[in-house]
Amino acid sequence: MNAPPSVTTMKQLTVPRIDQCIGCHSCTLACARLIHQRISWSCAGIRIHSAGGLSTGFMAVHCLACDPAPCVAACPTGAFSQRPGGGVVIRKKLCIQCGRCVEACPVDAVSSNRLGEVFVCIHCGRCVEFCPQDCLELAEMAGGIEVPR
């Protein structure tokens with residue numbers, strides 16, 4: 001099913017099968033390595049946390065593609081800009097590492113490492129193929145609504 005031409009169609013990372021997550025952090029490490037050229041849990045746009053203990057499973061913390069995005073409004077330098085259809089684009093060269101974007105995010109999806117570098121999911125989907133449990137998906141969205149396949 002195709003979206004009408006006037007509707008912005010984009011892809012967003014979703015976690016439709018988080019109940020299958022085993023907490024291996026493969027997605028986090030894939031993001032850090034492939035997108036940010038780092039090997040560190042603190043340098044990724046997706047982070048996996050316990051949902052309250054081993055018996056309660058895990059949760060994925062990632063950008064939910066707010067539109068408008070509070071982190072964009074909070075950024076004093078314009079390093080964060082709104083992505084059409086939701087989410088953000090970051091221009092790291094403009095970032096002064098003030099942390100206002102981290103504070104502004106209502107779902108804790110914008111994070112910074114100990115050096116103050118900022119990380120957020122850019123909905124590229126590079127992490128999806130590294131999940132051994134098939135928890136992640138890059139879904140096509142039209143105007144913030146998932147497009148049926």
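A polar contact is a pair of N or O atoms within 3.5 Å; within protein, one must be able to donate a hydrogen and the other to accept it, and residues adjacent in sequence count only if both atoms are side-chain atoms. Here, such a contact of 3.3 Å joins the side chains of R47 and S111. Keep in mind that this is a predicted model: local features need pLDDT of at least 70, side-chain atom pairs count only at pLDDT 80 or more, and totals for chains, interfaces and linings use all residues. Residues are numbered from 1 along each chain as its sequence is written, and side-chain values use heavy atoms, with hydrogens and water left out.

**R47**
- R47 is found in strand β2 (residues 47-50); strands (E, at least two residues) and helices (H or I, at least four) are DSSP runs numbered from the N terminus.
- R47 counts as buried because its relative accessibility is 10%, where buried means under 20%, exposed over 50% and partly exposed in between (1.4 Å probe, protein chains only).
- Beyond four places in sequence, R47 touches T28, W41, M59, A60, V61, D108, A109 and S111, contact meaning heavy atoms within 4.5 Å.

**P76**
- P76 sits in the loop between α2 (70-74) and β4 (80-82), and at 44% relative accessibility P76 is partly exposed.
- Leaving out residues up to four places away in sequence, P76 touches I96, C98 and R100.
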